[in-house]
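The following pages ask the reader to look at a structure step by step. Please keep the sequence and the three-dimensional view side by side while reading.

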Amino acid sequence: MSVVSRRVASVPVRTSVGTWKVIVALLTAADHEARTSLEAITNTAAMLISEEYTRDAPIVVVPAAGPRIRVYTVHGMAAVDGDGDEAPLATWPLAEPGWRLSLPCGIDDIDDIRAALQRYPFIDVRDTTEGITVDAVAPAPRTAGSVSINYDEMERP
Amino acid sequence: MTASVRVNTHAYATTHVATNMLRSMKQIIRESGLSISGIQSQWAVLEAGVAAWLNSRHLTGLVLEVYDPGKASGADLVGRFDFTIDYGYYSDGDGDLWLDPDTITYAVRKNGSYPARCEYRFIADTAAGHPTVDGWSTTTFRSTAGFTRHTVGTAIGGGSLGAGLSYYTRSS
């Protein structure tokens, strides 16, 4: 399975909400139904970003087709120094129904966050120390395009 | 433990202090035994207001009022945490971006926890002429008569900004 990663600058370059907006724009086009879905969880996602859970444990997007996307956030001096990679993705990973998104969360918050997001079946909330699993191998990409594969990311747990 | 980085940009400082004041308020709420669902459900509005008013220098404080909904109005305050903004904390306008969660934990431990039935609200104390931010409305503070204010020091710093933390306990 291929993996693509991006690193989005967060606080102090952007607020936590500003960071989530950039992530949403990275994953969805303005007219995508998925954008509305992601905007609906802005409060919760931004709060998790403010805790910097997403610095070391990525937001993981599992599209219906195509490579898995890992989105990290960059904080502090690393963000100020531009230590990110916000290049547009080769495709819109949430364009087709059937996608899932996994948010990392600290153990102290996880019960509250899962309760807050239980009405969004496309969102998983996982302990920051855990990886994620998929029920089946994602099918091959349906569209041709330039997909950059970061093999270092594939080595991560 | 204090995490810090060093930059010299007002915009970075205001963003750092704004988001980390909310992050610290969340820490206070959790460590005080209250549900974080209230702050979670208002996060975007809270952050937008605090960031805007810090940037415009109208924000003088961010207050967490904790109240008991089972008590009569006017006598329902059970505690309060205040972040007070100092726009001249670093006189040279420079400085680290830092957050000291241990100061937060110390204040909560000294204050003690609240019964789970208690609720809370946030009040931004602003100077006249502040810009309007969607989602915020005008209100007044609950009376702190019979409470004692305790100051624990600066918990968040950035650029020329400092955010000092204090809390109120009932004294009579």
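This is a predicted model: local features need pLDDT of at least 70, side-chain atom pairs count only at pLDDT 80 or more; totals for chains, interfaces and linings use all residues.

Residues are numbered from 1 along each chain as its sequence is written, and chains are lettered from A and ligands numbered from 1 in the order in which they are written.

Chain A contains seven helices and five strands; helices (H or I, at least four residues) and strands (E, at least two) are DSSP runs, numbered from the N terminus. Read from the N terminus, its elements follow the order β-α-α-α-α-β-β-α-β-α-β-α. Of its 157 residues, 44% are buried, a term for residues with 20 or more other C-beta atoms within 10 Å of their own, the C-beta atoms being placed from the backbone.

The strands of chain A form an open sheet with the order 1-3-2-4-5 and mixed pairing, where two strands pair if DSSP finds at least two bridges between them. Strand 1 (3–9) and strand 5 (123–127) of chain A each have a single partner strand and stand at the edges, so one side of each is left without a neighbour in the sheet. On average, neighbouring strands of this sheet are turned by 20° against each other, direction ignored; axes are lines fitted to C-alpha atoms, for helices over the stretch in contact, and angles otherwise run from 0 to 180 degrees between N-to-C directions.

Strand 4 of chain A (residues 100–105) runs antiparallel to strand 2 (residues 59–62) of chain A, joined to it by three bridges. Within this pair, A:V61 stands opposite A:L101, and A:V62 has A:R100 as its bridge partner. With strand 5 of chain A, strand 4 of chain A pairs in the parallel sense over five bridges, and A:L103 stands opposite A:V125 there. Five of the six residues of strand 4 of chain A are buried, so this strand is largely enclosed by the rest of the structure.

Helix 1 of chain A lies across strand 1, strand 2 and strand 3 (68–74) of chain A, at about 150° to strand 1 of chain A. Its buried residues include A:W20, A:I23, A:V24 and A:L27. An α-helix has 3.6 residues a turn, so residues three or four places apart point the same way.

Beyond four places in sequence, B:V50 touches residues including B:A18, B:M21 and B:L62.

The contact between the chains takes 21 residues from chain A and 22 residues from chain B. On the side of chain A that touches chain B, the largest share, six residues, comes from helix 3 of chain A.

Note on methods: Two residues are in contact if their C-beta atoms, placed from the backbone, lie within 7 Å. A residue is buried if 20 or more other C-beta atoms lie within 10 Å of its own, exposed if 12 or fewer, and partly exposed in between; C-beta atoms are placed from the backbone.
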